[in-house]
Amino acid sequence: MLGRGTRMLRKIPDTLRAVSFDAVGTVFKPSFGTTEAVYGEYFTRLVTDVTCPEFRVYHPDPPDTPTPLGTAWLSAYQAQQAKFPNFGKVDGMDLRAWWYAVIINTFLQAGVSPEVANPQHHQFAIFMRELYDDYTGPKTLTLYSEAETVLRKLKEGGVKIGVLSDYDHRLEETLNNLGIGQLIDHVNVAYNTGFTKPDPEAFKLMASNLGCSVEELLHVGDSERRDYRGAQQAGAHALLIMRPYDENVSVNLPDQVCVATDNGHAIKNMTEVLKYFPSTKEGES
């Protein structure tokens, strides 16, 4: 296993033909800041017969301090993935039912009573339905400020663009609803391909779908283990996007170490990707 001091320095060439981006935390983020914030906002708006003021505290100081709801969501999500991998696809589980289980267990672990965190509770049932239905567009998700401009410049420069994510099959719909679907050449999600990052096959398939070799692919994401190291170990080139907390408040799992920073492969936003592609104006400068 690679440690903090292990160097994987590879010069990124100017002969790249394609770029793939992770989705959440790279191209877009939850509209209220974090996933738990979206859950909390919907809960407090729709489940009006329950008072849970602690759910209104979404932005602790320091910013990476776990919130009760955030800790509960991550625990519920990870447990559901362990029980029914890849959003339940292997087990033939309905995707809505899979996410409903995450929602219910999130609020149970956060202290909501089983009588309320229950599909038989009328308001909670409405809450789950609206949260699930809205989690494919601008009511719950927001593009980073530079995302559309960067994608458009890459597209105009003839660069093939992919999105590679451990997301469920709604990602393509989400990108369309956020107004950037037409700028993406190919979308690969683990739900459809069966390959989750950092599996090298995820990156090799992405390169193949974009019509290039894996050595001609640059992958950009916000996880050092899954995106940065995963891409490099597959033979692709990689950049780790490390946004400031005041901009990127989506969940950062504890694999965000500093190998990419040591190697000069850490960037603050998507705009910095353009310099690696000479066909874009920034790449020519």
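Figure 1. With a relative accessibility of 32%, Leu108 counts as partly exposed, a class that lies between the limits of 20% and 50%. The model shown here and in the other views is predicted. Leu108 belongs to helix H3, which spans residues 95–109. Apart from neighbours within four places in sequence, Leu108 is in contact with Ser113, Pro114 and Ala117. Asn118 lies 10 residues from Leu108 along the chain, and the C-alpha atoms of the two are separated by 9.2 Å.

**Figure 2. Leu69 in helix H2 and its separation from Leu108.** Leu69 is part of helix H2, which covers residues 68–83. Its relative accessibility is 4%, so Leu69 counts as buried. Along the chain, Leu69 and Leu108 are 39 residues apart, while their C-alpha atoms are separated by 9.9 Å. Leu69 is also one of the H2 residues in the contact with helix H1.

**Figure 3. The crossing of helices H1 and H2.** The axes of H1 and H2 come within 9 Å and cross at roughly 110 degrees. This angle falls in the range of 65 to 115 degrees, which makes H1 roughly perpendicular to H2. From H1, the contact is made by Thr35, Glu36, Tyr39 and Gly40; from H2, by Leu69, Gly70 and Trp73. Sorted by class, the residues of this contact are three nonpolar, three polar and one charged.

**Figure 4. The packing of helices H1 and H4.** Helix H1 (residues 35–46) packs on helix H4 (residues 122–134) at an angle of about 140 degrees, and their axes are 9 Å apart. H1 and H4 are therefore oblique to each other, and their crossing is right-handed. H1 contributes Val38, Tyr39, Tyr42, Phe43, Arg45 and Leu46 to the contact, and H4 contributes Gln123, Phe124, Ile126, Phe127, Glu130, Leu131 and Asp134. By class, nine of the residues in this contact are nonpolar, one is polar and three are charged. Tyr39 of H1 takes part here and also in the contact with H2.

**Figure 5. The nonpolar cores, with Phe127 in the largest.** The largest nonpolar core has 65 residues, and Phe124 and Phe127 are those with the most contacts inside it. Helix H3 gives the most to this core, with eight residues. A second, separate core has 16 residues, including Ala18, Phe203, Ala236 and Leu240. Leaving out residues up to four places away in sequence, Phe127 touches Tyr39, Tyr42, Phe43, Leu46, Val47, Ile103 and Phe107. In soluble globular proteins, nonpolar side chains tend to be buried together.

Figure 6. Phi of Asn86 is near 55 degrees, a positive value in a residue other than glycine. Phe87, likewise a residue other than glycine, has a positive phi near 60 degrees. Asn86 has a relative accessibility of 15% and so counts as buried. For Phe87 the relative accessibility is 3%, and Phe87 therefore counts as buried.

**Figure 7. The cis peptide bond between Lys197 and Pro198.** Lys197 and Pro198 are joined by a cis peptide bond, with omega about 15 degrees. Pro198 is in the loop that runs between helix H7 (190–193) and helix H8 (200–209).

Figure 8. Arg170 sits in the loop between strand E4 (160–165) and helix H6 (171–177). With a relative accessible area of 7%, Arg170 is buried, since the limit for this class is under 20%. Neighbours within four places in sequence aside, the contacts of Arg170 are Leu95, Trp99, Tyr132, Tyr135 and Thr136.

**Figure 9. The protein chain as the setting for the close-up views.** The protein chain has 11 helices and eight strands. Of its 285 residues, 51% are buried. Among contacts in the protein chain with a separation of 6 or more, 70% are between residues 24 or more positions apart.

Conventions:
Residues are numbered from 1 along each chain as its sequence is written. This is a predicted model: local features need pLDDT of at least 70, side-chain atom pairs count only at pLDDT 80 or more; totals for chains, interfaces and linings use all residues. Side-chain values use heavy atoms; hydrogens and water are left out. Axes are lines fitted to C-alpha atoms, for helices over the stretch in contact, and angles run from 0 to 180 degrees between N-to-C directions. Helices (H or I, at least four residues) and strands (E, at least two) are DSSP runs, numbered from the N terminus. Angles under 35 degrees count as roughly parallel, over 145 as roughly antiparallel, 65 to 115 as roughly perpendicular and the rest as oblique. A crossing is left-handed if the near helix is turned anticlockwise from the far one by less than a right angle, and right-handed if clockwise. Contact means heavy atoms within 4.5 Å. Ala, Val, Leu, Ile, Met, Phe, Trp, Tyr, Cys and Pro count as nonpolar, Asp, Glu, Lys and Arg as charged, and the others, Gly among them, as polar. A nonpolar core is a set of buried Ala, Val, Leu, Ile, Met, Phe, Trp, Tyr and Cys residues joined through side-chain atoms within 4.5 Å. Buried means under 20% relative accessible area, exposed over 50%, partly exposed in between (1.4 Å probe, protein chains only).
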